[in-house]
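Here is a short briefing on ring contacts and strand pairing. Please look over the structure first.

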Amino acid sequence: MKAPAVLAPGILVLLFTFVQKSNGECKEALVKSRMNVNMQYQLPNFTAETSIQNVVLHKHHIYLGAVNYIYVLNDKDLQKVAEYKTGPVLEHPDCFPCQDCSHKANLSGGVWKDNINMALLVDTYYDDQLISCGSVHRGTCQRHVLPPNNTADIESEVHCMYSPQADEETNQCPDCVVSALGTKVLLSEKDRFINFFVGNTINSSYLPDYILHSISVRRLKETQDGFKFLTDQSYIDVLPELRDSYPIKYVHAFESNHFIYFLTVQRETLDAQTFHTRIIRFCSADSGLHSYMEMPLECILTEKRRKRSTKQEVFNILQAAYVSKPGAQLARQIGASLNDDILYGVFAQSKPDSSEPMNRSAVCAFPVKYVNEFFNKIVNKNNVRCLQHFYGPNHEHCFNRTLLRNSSGCEVRNDEYRTEFTTALPRVDLFTGQFNQVLLTSISTFIKGDLTIANLGTSEGRFMQVVVSRSGSLTPHVNFRLDSHPVSPEVIVEHPLNQNGYTLVVTGKKITKIPLNGLGCEHFQSCSQCLSAPSFVQCGWCHDKCVRLEECSSGTWTQETCLPTIYKVFPTSAPLEGGTTLTVCGWDFGFKRNNKFDLKKTRVLLGNESCTLTLTESTTNMLKCTVGPAMNEHFNMSIVISNSRGSVEYSAFSYVDPIITSISPNYGPKTGGTLLTLTGKHLNSGNSRHISIGGKTCTLKSVSHSILECYTPAQSAPTEFSVKLKIDLANREVNSFIYREDPIVYEIHPTKSFIRHVNIALIQR
């Protein structure tokens, strides 16, 4: 199932992201007690010849859209059962999409091009059929009829979805569906018809002969040999002069109730250099797109600061999105019901004046009903303006037309038109900055009991599972390196009732099947981490490792309380007078199930004497307590830490009597600066040392068991003082250090010499 792996460079950044702050005192213990993020797992996977763009699941078969290929895998172990070659394709200006142009291979103008899969969809209304759209043949599509008795057969019946007669319409090609620069296609069945809602990134390279639309709705003809626009308003285009300076990236598309939604990344305004995320909404029955509206979305990290001020960071560019229902716990926290659609998004901060993301991410959840309510709230206010990237500032739609909208969004009057709202809908990062050193590239969710679980992917090929909750920031209970390629936003979650589900995750050329119930328990290296895992993972602590119940062959398996583990103690000795602050590093201090930290039943003993806990400075990985006095020296005493489950011992502490046996030198100039050496034993015990002469500090230079070195302070006149040493509450004194007058130089003799060597005699008093 799994094998150990070597920690790769760069993974430490992610590891320390999830390590709590402890001023560095117990950092080693923190790292050793955290999850092992280097585990490798043997999971069902498939590697294609080329990179995978799209994935769909239908009747126990997985269909992959890749460069030049479509693959069919079984859903059990991801074994390939069929493939269909889609490219490279010879493109020639005189060739129509459905024509075989191979005979023009030697003619000028012919170019062989890879066919990148831009859209892959399953339609079950007419027949079970797979529809694939590629980057060649002007962005047209093919449909693969799937036989009822063999849905893996994608080769026997393939039809090109292009009608040459449609090109007779001026500058129109309803069968030209997708853009090679980026596209999102949503298939929807309404009133016995199949509609395709399409968002395309386009630029000036798309000539009128190959016209593609920025956003459009088209209907699949009943003959299934192509598409048709229902009206001349069924599409909207970025103005030709703006297509290179104002690119729109369509990130995600979904349908909820009566509306179609697209999520985009684009410049804030025509003249702005900064980018942001927008959500587009229009009615699914609106073939003229009159109900089209868009507004910004913001994912915000709010950080509380001193003096009650707050700092807000906006994560402005969406990387991936997913729409699903919430679990009961999250639904209560965000004011949603169990049947509400929730839009989950992973956002990144972009580089200045760029849409390129940095390694700073946040996760936000937008209940779709709140999106609609927000549209309706601001619909009749002054923050509404014309869509200038579609019409320009001087178009008739931007003048002499009202921008007021009715609240339903579907019943549009003739004097209403498509609008843009300038007020952003904000939501707060669900993980309160936990991913602010990581670039998240993928998200999907599923429900286990009352919990909502997120599957997250990163730009470094890391896969994580974490409970989504607003009541405290939870760390991932699954976290491992899946691949060296980024995790794709294209994911599938299959979670049948009363069965163990799985997610399909794409990384480059590879697709992997990952169970939703977690990946075992052995990656949890401490008891508290083990018991912090969600209950459905079914982990418990057995002897000294985290396992499931059936894997616990010796010892007691518990899911309740952890026995503490001591890793390191400092200092290892204290003076008899006490007052020393003892720091105990380790893990599982005061931990109870459900991430509750409680030290009420935690005790620290030095031998039989109590060490008083400082609760405000103690954590699950660090205990701080104050050592009491002792009558006599004791060596290698046991430090005992106990809680409600039991106790552990650590034999490495001593009570000692620090002694100064001598100092050297015994005198020095009154201006100070003499390096004074104190010799003795146990001089490095306790926490702090302070040496003073005549009430002034002798500045410490070095500390060891038998030697202290310090620089003497200045005094106003020659005199004799005792040297005092304070170690925590212990005071030691030795007589004495003599201050003398500073030496005076009267003459240097001789005053000149050869270049090579000279002895200079200093005549002084």
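Lys726 stands opposite Asn731 of strand S58. The model is predicted.

**Strands around S58**

- Strand S58 covers residues 730-740 and runs parallel to strand S52, residues 667-669.
- Tyr667 has Ile738 of S58 as its bridge partner.
- Strand S57, residues 720-727, runs antiparallel to S58, and 7 bridges join the two.
- S57 and S58 form a hairpin with 2 residues between the strands.
- In that hairpin, Asp728 takes a positive phi near 55°.

**Edge-to-face pair: Tyr41 and Phe480**

- The model holds 23 aromatic pairs.
- One of them is edge-to-face: Tyr41 and Phe480, with 5.1 Å between centres and 75° between planes.
- Planes over 60 degrees apart count as edge-to-face, so the 75° of this pair qualifies.
- Tyr41 belongs to strand S2 (residues 40-41), and Phe480 to strand S33 (residues 478-481).
- The pair therefore ties together parts that lie 439 residues apart in sequence.
- Tyr41 is buried, at a relative accessible area of 12%.
- Phe480 is also buried, at 3%.
- Both values fall under the 20% cut-off, so both residues count as buried.

**Stacked pair: Phe262 and Phe282**

- Phe262 and Phe282 have ring centres 6.4 Å apart and planes at 20°, so they are stacked.
- The cut-offs behind that call are centres within 6.5 Å and planes under 30 degrees apart.
- Phe262 sits in strand S20 (residues 259-267), while Phe282 sits in strand S21 (residues 275-283).
- This pair links distant parts of the chain, 20 residues apart.
- Phe262 and Phe282 are both buried.

**Charges over rings**

- Arg281 places its charged end over the ring of Phe259, 4.1 Å from the ring centre.
- Lys513 lies over the face of Tyr502, and the ring centre is 4.5 Å away.

Note on methods: Residues are numbered from 1 along each chain as its sequence is written. This is a predicted model: local features need pLDDT of at least 70, side-chain atom pairs count only at pLDDT 80 or more; totals for chains, interfaces and linings use all residues. Side-chain values use heavy atoms; hydrogens and water are left out. Rings of Phe, Tyr and Trp (its six-membered ring) pair if their centres lie within 6.5 Å; planes under 30 degrees apart count as stacked, over 60 as edge-to-face and the rest as tilted. Helices (H or I, at least four residues) and strands (E, at least two) are DSSP runs, numbered from the N terminus. Buried means under 20% relative accessible area, exposed over 50%, partly exposed in between (1.4 Å probe, protein chains only). A charge sits over a ring if NZ of Lys or CZ of Arg is within 6 Å of the ring centre and within 35 degrees of the ring normal. Two strands pair if DSSP finds at least two bridges between them.
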